[in-house]
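I opened my notebook to look up a few things in this structure.

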Amino acid sequence: MTAQFLPDRRGFLAMAGGLAAVTLAGTANAAPKRGGKLIYGRYADSQFLDPVLNDNNVDIWVMNSIYDTLLFPTADGTGVQAGLATKWAFTDAGKTLTLTLRAGVKFSDGSPMTAGDVKWSLDRARDPKAGAWNDLIGSIDAVNVAGADSVVLKLKTPDPTILAALATFNTGIMPQKLFEAAAGATPDDKAKAFGEKPVGTGPFMMVEWKRNQVMRLARNPHYWRQGEDGKPLPYLDELEFQIIPDDSTRILKLKAGELHGSEFIPLARVKELQGDKNLRMELWPSTKVTYLSFMVKPKLTNGTDNPLANLKVRQALNYAVNKDGVIAITTLGLGKPMRSFMSSTTPLFDGPAPLYKYDLAKAKALLKEAGFEKGFEVSCMTVAGNQDNLNNLTTVQQMWAAIGVNLKIEPMDNPSLTKRYRAEDFQMRTAAWTNDISDPGQITNYFAYGPTIHALHSGYNDDKLNALYLASQQETDPAKRKAQFKEIQKIYNDAATIVPLYETPYTVAWRKNVTGFVQIPLGNNYFQATSIGA
Amino acid sequence: MNRGTWLLGRLAQIVPTFVMIGVAVFVLARLLPGDQVSAMLGERASDDTIARMQAQLGLDRSVFVQLLDFLAAAVRGNFGDSMSLRLPVLQVIAERLPVTLALMAIAVVLALSIALPLAFVAALNANRWPDMLIRTIFQIGLSSPVFYIGLLLLTVFAAGLRWFPVGGYGDDWGEHLYHLFLPGLTLSFSFAAVVMRNLRAGILAVLTAEYVDFARAKGLSAGVVLGRHVLRNALIATVTLVGLHVGALLGGAVITETVFAVPGVGRLMIDSILARDYPVIQALTLVLAILVSLAFLLTDLVQMWLDPRVGR
């Protein structure tokens, strides 16, 4: 976490308290007030509240209110702590993981959570035919029930990411009996029916869901965690998500007091809301990185030569971008320069200095060395209507004009962009990324490791980096793994296959009397310790 | 040709229209670049996952087979499940359509209540200051973007004066009406402007007609002349305009519903197009086409009532 992104002191205390359930005894704050209904404005509704079969952040970021995982991420997003499992231990050279389950945990319908539910949930989550996330726990060979309060995971190989994976949404524990009793003939139909009114062990339970309008959750009377007052969490009686896609309307509603809080405040409006005496603006450290990505194959799909295949050209383009300028223009100073391709909140991040500090002379010299001193034209596809992307591109366009490079902007809608991206039919594209798991493995797999998706479909492939990545996925010695990721980041950052632009925080605004909300760097929203004061 | 035959003829025209719209919308949805599964799974899904999902949704079959399936199922009233919401399409549309219909009804009522009296005032004071003022105001209404008017009304009447809620839809019919007033007003502006200008011109034209002079010469009161002779005849062209404007109102509803967070079919359409949710796009377009066709039919019927020459 960096000072720049720190929420104010109350926010920070809430963050520590909310996740780790640390008592704030000794601070001036009284125990949070209980009861009430909190109304939170979301920009889009969830689609499918199934831990395994969902696809989007609109589901992922709220599912932890309904489902618990065996382990929880820590508030800073870099470690794990006890969740539905209270203890865990590796044996057999890291190939066996024994988890002790918390006693007395109940689902929100009052039925007890059993070791059988845990086995069933993990088996479902790791089924290679189910959903998009099963590879996050692909190392599991078998899940065995070992008594009423213990589950043993047999791993194919030692897996340094398995603990982080057990704190990730797709391993949420579901009630096997209720799922199987859900309407429908096939497991997919049952998942649809169950996902309409999901039941988990989390702090809240679903009461009503009117799609694209409102989702109403109520406190789970059986929730196992204790609040600061020694009574069970959550503090709120009800949690209501109102779906308000338009940013301006959401902010107006918050200002009018019709909402207690709102997510995704546009960066351009943060300063204004910081100055509103009725509101508190929270900036949560995130794993979000915004960048431009290059195609590095020598030929484009239309058969023309691609200057971006030349390392010196890519480095020159990087040096020619004044990131501080971009940050000032697009994020109004709320972003910060990237020091590695992964965010500074990612575990094992290694970034000694901001990447490719602005140096026009160096950029010109590199282009000359590469034989492109007269410049060239390059095109970048971007999602139409996204103002931030457009700001970034027009700023970079002007900066590159200084070295004779003509940036052509190609706006299109997102499905079209995704299609061309997958087909590797592009020269550049605008993009942003947030991690789904507290581990550097996922982002490295997508950005840098060649075999999976050709490193962001760029065609970049470095044998040494690939070997390091594969080794890192089985390396259980933390020091060695750290060294591997240090080297991976060095190799990839030096290859300049992206233009790293900035890291930005999650922006959440609250009425002044609401405290205790937490958003972790992965994006998950935690409402269990949220309360509405006087 | 009597009126019954005429009506049957009009109805018969609607059926092939629907079939053509059905085929067209199916083809158009698939001409959109980018496929539904990529849109749904985002950039992180593996090729395997995408292939599996495409098979699951039947998107791996030939487009022709998919089209036949779609038409056969549509005839039986089965439009399948929404790919992104994972709910039956008809259920999704049935939940949202009444919201948009209510919004449009409010907009039409508001637009007519604004436009009718003002059109009379403007026409009877043609080219004098009341006429100029009314036309200027409506010119602004006509040329302002819907989202801007919406945000302006929200800022002043909802966030500022607190007379109305800032967006949303509420839980019962009373709340629905309360929540839909501002979006309805927003939607009504450009519509009212069009109706007012058209009706004003119509009234001016009718006022100079010989039968109006005749009615006056008969000694009929000014109210009867205006109501029975002028309004009725001036309305004929306006009614056609109102009918034709239903499509434009639906277009405006898309933006209005987004700004005001109203969960209607306008927003559903945008969401579905962005998600390449083919079943919803197809069914919703058909439903809206039926709606517009019915509006046209209704227009014809009203015209027939206003102008007995129609349908003879």
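What follows is my notes on a predicted model.

**Entry 1: a sheet in chain A**

I began with one sheet of chain A. I wanted its strand order. 5 strands form an open sheet, and I read them off as β15-β14-β16-β13-β17. The pairing is mixed.

Next I asked which strands sit at the edges. I found β15 (405-412) and β17 (498-503) of chain A there, and each of them pairs on one side only.

β13 (residues 289-294) and β16 (residues 428-433) of chain A run antiparallel, and 6 bridges join them. I followed one residue across: A:S293 has A:R429 of β16(A) as its bridge partner.

I also checked for a helix on this sheet. Helix α13 (residues 414-422) of chain A lies across β14 (376-383), β15 and β16 of chain A. It runs at about 130 degrees to β14(A).

**Entry 2: a hairpin in chain A**

I moved to β8 (residues 204-210) and β9 (residues 214-219) of chain A. These two strands run antiparallel and are joined by 6 bridges. I noted that A:W209 stands opposite A:M215 in β9(A).

How many residues lie between the strands of this hairpin? I counted 3 residues between β8(A) and β9(A). In this hairpin, A:N212 takes a positive phi near 60 degrees.

**Entry 3: where chain B meets chain A**

Last, I turned to the interface. I looked up how many residues each chain brings to the contact. Chain B gives 42 residues and chain A gives 44 residues.

The size of an interface is often given as the accessible area lost when the parts come together. Here the area buried between chain B and chain A is about 3,600 Å². Carbon and sulfur atoms give 47% of that area.

I then looked for charged pairs. The rule finds 4 salt bridges across the interface of chain B and chain A. I noted one between the side chains of B:D81 and A:K192, at 2.9 Å from N to O. For polar contact, the count between the two chains is 13 residue pairs.

Which elements of chain B give two or more residues to the side that touches chain A? I listed α2 (36-41), α3 (47-56), α7 (146-160), α10 (222-259) and α11 (265-274) of chain B. α3(B) gives the most, with 5 residues. I also sorted the residues on this side of chain B: 19 are nonpolar, 11 polar and 12 charged.

Key:
Residues are numbered from 1 along each chain as its sequence is written. Chains are lettered from A and ligands numbered from 1 in the order in which they are written. This is a predicted model: local features need pLDDT of at least 70, side-chain atom pairs count only at pLDDT 80 or more; totals for chains, interfaces and linings use all residues. Side-chain values use heavy atoms; hydrogens and water are left out. Two strands pair if DSSP finds at least two bridges between them. Helices (H or I, at least four residues) and strands (E, at least two) are DSSP runs, numbered from the N terminus. Contact means heavy atoms within 4.5 Å. Axes are lines fitted to C-alpha atoms, for helices over the stretch in contact, and angles run from 0 to 180 degrees between N-to-C directions. Buried area is the accessible area (1.4 Å probe) that two parts lose on being put together, summed over both. A polar contact is a pair of N or O atoms within 3.5 Å; within protein, one must be able to donate a hydrogen and the other to accept it, and residues adjacent in sequence count only if both atoms are side-chain atoms. Ala, Val, Leu, Ile, Met, Phe, Trp, Tyr, Cys and Pro count as nonpolar, Asp, Glu, Lys and Arg as charged, and the others, Gly among them, as polar.
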